[in-house]
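User: Please take me through this structure feature by feature. For each one, I would like the general idea and then the case at hand.

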Amino acid sequence: MVSIMSLSKYSPLFLLVSFPLLVTLAHAASFEIRNQCQYTVWAAAVPVGGGRRLNRGESWTINVPAGTTQARIWGRTNCNFDANGRGNCQTGDCNGLLQCNAFGKPPNTLAEFALNQFSGQDFIDISLVDGFNIPMEFSPTGGCTRTIRCSADINGQCPGQLRAPGGCNNPCTVFKTPQYCCTNGPNTCGPTDFSRFFKDRCRDAYSYPQDDATSLFTCPGGTNYRVIFCP
């Protein structure tokens, strides 16, 4: 979601002509996903990775091919799965599957990324456009110094209209209007009182879909990353 999901609109020629060469020359990125929460988190990663249960202190590493776009990592809470990997989660559920092949159901805190894009750069962000369920840190492990963190008590302080079991919804999820969802085209909406609630607590995270200026960051292609639940 948000700008990483629409990077191609800024340079379609680059994606059509240069992108295959970048994929050939670049290396996969490693993502370590670590659970530091006091509770179990069912990590999810799309389009690469699927999902895995992470008890407290456990980690999971996935390798993501160069050129991957529209990618997300998130945590699911209060899940129950059977031996076939079917069940449900209170937050972040992805069609009732342990191995996600689709985005999760809000509210869920998102680490978003697109690898080896314009000028060989990675684009990364933490997004609250699908709401918040778990505190998160998204950081490079070398070659870049940009750390993004959202660790405030958003669930505990969530406005009453946005409260949801296990999390805090973004107003777009609740009200579904252009004011909150920015569905009338580029540069057609701005901050609202609800988005400011998120922004005041997580300055580097997306608080509404067009919150690009203070929320989208870059690292050199080939950087490896770490996503921490409850940093």
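User: Where is the place of Gln210?

Analyst: Gln210 sits in the loop between helix H5 (193–201) and strand E13. Helices (H or I, at least four residues) and strands (E, at least two) are DSSP runs, numbered from the N terminus. Residues are numbered from 1 along each chain as its sequence is written, and side-chain values use heavy atoms, with hydrogens and water left out. The model is predicted: local features need pLDDT of at least 70 and side-chain atom pairs count only at pLDDT 80 or more, whereas totals for chains, interfaces and linings use all residues.

User: Is Gln210 buried or exposed?

Analyst: Buried means under 20% relative accessible area, exposed over 50%, and partly exposed in between (1.4 Å probe, protein chains only). Gln210 is buried because its relative accessible area is 19%.

User: Which residues does Gln210 touch?

Analyst: A contact means heavy atoms within 4.5 Å. Leaving aside residues up to four places away in sequence, Gln210 touches Cys182, Gly185, Pro186, Asn187, Thr188 and Cys189. Polar contacts are defined separately, as pairs of N or O atoms within 3.5 Å; within protein, one must be able to donate a hydrogen and the other to accept it, and residues adjacent in sequence count only if both atoms are side-chain atoms. A polar atom of the Gln210 side chain lies 3.0 Å from the backbone nitrogen of Asn187. The backbone nitrogen of Cys189 lies 3.4 Å from a polar atom of that side chain of Gln210.

User: To which residue does a disulfide join Cys182?

Analyst: In general, a disulfide is a covalent bond between the sulfur atoms of two cysteines. The criterion applied here is a pair of cysteine sulfur atoms within 2.5 Å. Cys182 is joined to Cys189, with an S to S distance of 1.7 Å. This link of Cys182 and Cys189 is right-handed, with 75° about the S-S bond. Both Cys182 and Cys189 are buried.

User: How many disulfides does this rule give?

Analyst: The count comes to eight disulfides. One of them joins Cys37 to Cys230 with S to S 2.0 Å, and this link is right-handed, with 85° about the S-S bond. The two cysteines lie in distant parts of the chain, 193 residues apart: Cys37 is in the loop between strand E1 (29–35) and strand E2 (41–46), and Cys230 is in the segment after strand E14 (224–229). Cys37 is buried because its relative accessible area is 1%, and Cys230 counts as buried at 17%.

Another disulfide joins Cys79 to Cys89, also with S to S 2.0 Å. The link of Cys79 and Cys89 is right-handed, with 110° about the S-S bond. Cys79 belongs to strand E5 (residues 71–81) and Cys89 to strand E6 (residues 87–91), ten residues apart. Cys79 and Cys89 are buried.

User: Which strands pair with strand E8?

Analyst: Two strands pair if DSSP finds at least two bridges between them. Strand E7 (residues 110–114) and E8 pair in the antiparallel sense over five bridges, and Ala111 has Ile126 as its bridge partner in E8. Their hairpin has six residues between the strands, where Asn116 takes a positive phi near 55°. E8 also runs antiparallel to strand E13 (residues 217–220), to which four bridges join it; Gln121 stands opposite Pro220 in E13.

User: Why is E8 largely enclosed by the rest of the structure?

Analyst: E8 (residues 121–127) is described in this way because six of its seven residues are buried.

User: Against what do the buried residues of H5 pack?

Analyst: An α-helix has 3.6 residues a turn, so residues three or four places apart point the same way. In H5, the residues Phe194, Ser195, Phe197, Phe198 and Lys199 are buried. The buried residues of H5 pack against helix H2 (154–157), strand E12 (167–168), helix H3 (171–175) and helix H4 (178–181).

User: How many residues does the largest nonpolar core have?

Analyst: In soluble globular proteins, nonpolar side chains tend to be buried together. A nonpolar core is a set of buried Ala, Val, Leu, Ile, Met, Phe, Trp, Tyr and Cys residues joined through side-chain atoms within 4.5 Å. The largest has 44 residues, and those with the most contacts inside it are Phe31, Ile73, Phe113, Phe138, Ile154 and Phe229. Another core, of six residues, lies apart from that one and includes Ala44, Trp74, Cys94 and Leu110.

User: What does the secondary structure of the whole chain come to?

Analyst: The protein chain has five helices and 14 strands. Of its 231 residues, 51% are buried. Among contacts between residues at least 6 apart in sequence, 63% join residues at least 24 apart.
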